[in-house]
Amino acid sequence: MSDTDTQGRAADEKVEGEPLIDEVHVDDEPGHESRLDPKPDWEPRYPGSGRLNGKVALITGADSGIGRAVAALFAREGADVAILYLCEHDDARKTQEIVEKEGRRAIAIAGDVGDKAFCERAVEETVRRLGGLDILVNNAGEQHWAKDIRDISEEQLRRTFQTNIFGYFFMVQAARPHLKAGSVIINTTSVTMYQGAGILLDYASTKGAITAFTRSLSENLVKEGIRVNGVAPGPIWTPLNPSGGQPEEKIPDFGKDVAMGRPGQPNEVAPSFLFLACEDSSYMSGQVLHPNGGEVVNG
C-alpha cells in the first residue's frame, strides 16, 4: 500500500466518483503495478461470450494484480464493474480504462475496506451509479512477512485481520440487502491456508478464516439462491509480494518452487473467478478453486 500524498496522482486529484482518503496512512503495500518490471499479464486470453451480460460486479482490490485481471475479464464477458482500491490512483485509472475499452461502464472508488462505513458507502455508490449489484468479489488484502512471531506487532496483526477478513465481512454486510437469488459472492483465499507459510503467520491465518467464512456463508445463503465460493491462488506475480509481502532476497526466485516451476500470472487466475461468477458453476457453492501451479492441497 502507498501513501496517498506521495504515490500516484497528487492528493487533490481524484478518479471520477472517488472519495479522497488522505486520512489513510499505510506502508508500501499493495504497491503500484505501473512500477513493476516485468509487468503482470492481465489481458483476457479469449473473446467474450456474454456470460455476464447485464451484470454488475463490485471487485475490491481491483486496481492491480488479480483484481485488475478479474475486472478486465468480467468486462469482456459483459459486466459493468465497480473498482474498489485503497490509494493507487494511477493503477485504478488504468483498470477503469481497461473496462471501458471493453464497452462496459466502470467506476473507481478509493477507500479502506477495513472501514465498515466505507464499505457501506461504496456499495451504495455502486448501486446508485451502476443500477444494482449481482457479483461481489472480495479480493483486497495485505501481506507482511516476519521470520519470528515475536516480530509481528499488535498493530500489524490487527491491521492484517482488519483488511483481510473484517473487510470481507463488512463488504458482505453492506451488499446483502442488494443481493438476490442468482447473485454470487467470491472470496480470495490462498494456497497458504492449506500449506501454511512460516514467514506469513498473520496473513495465512486470515486466509484460513476466509476459507471458513466462505463455507459458512455458503451455508447461510445458499437457500436464498445466493452462491458463495472461493479462489485460492498460489504464487502470482502481482505488486503485493515485491512491495513488502516477501523478503527482497526471495523475489528473484518467487514462485519457482511450485510444481510448474514459475509464478502464475493474474490472467491465469481470473478465469476461476469468471467460472464461479457465471451460470457455468450453477451447482457449486461453498467450494474453493486452486489455480496454484500444480501444488496438490487437501480440502
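Strand β6 (residues 227-231) and β7 pair in the parallel sense over 2 bridges, where pairing requires at least two DSSP bridges between the strands; strands here are DSSP E runs of at least two residues and helices H or I runs of at least four, numbered from the N terminus. The model is predicted, so local features need pLDDT of at least 70 and side-chain atom pairs pLDDT 80 or more, whereas totals for chains, interfaces and linings use all residues. Residues are numbered from 1 along each chain as its sequence is written, and side-chain values use heavy atoms, without hydrogens and water.

Within β7, V288 is the bridge partner of G230. The two strands belong to an open sheet of 7 strands, paired in parallel in the order β3-β2-β1-β4-β5-β6-β7. β3 (106-110) and β7 (288-289) are the edges; each has a single partner strand, so one side of each lacks a neighbour in the sheet.

Helices cover this sheet in places. Helix α2 (residues 89-101) lies across β2 (80-85) and β3, at about 165 degrees to β3; axes are lines fitted to C-alpha atoms, for helices over the stretch in contact, and angles between N-to-C directions run from 0 to 180 degrees. Helix α8 packs on the sheet and touches β4 (135-138), β5 (184-188), β6 and β7, its direction making about 170 degrees with that of β6; contact means heavy atoms within 4.5 Å.

Turning to helix α6 (residues 201-221), A209 is found there. The C-alpha atoms of A209 and F161 are separated by 9.3 Å, although the residues are 48 apart along the chain.
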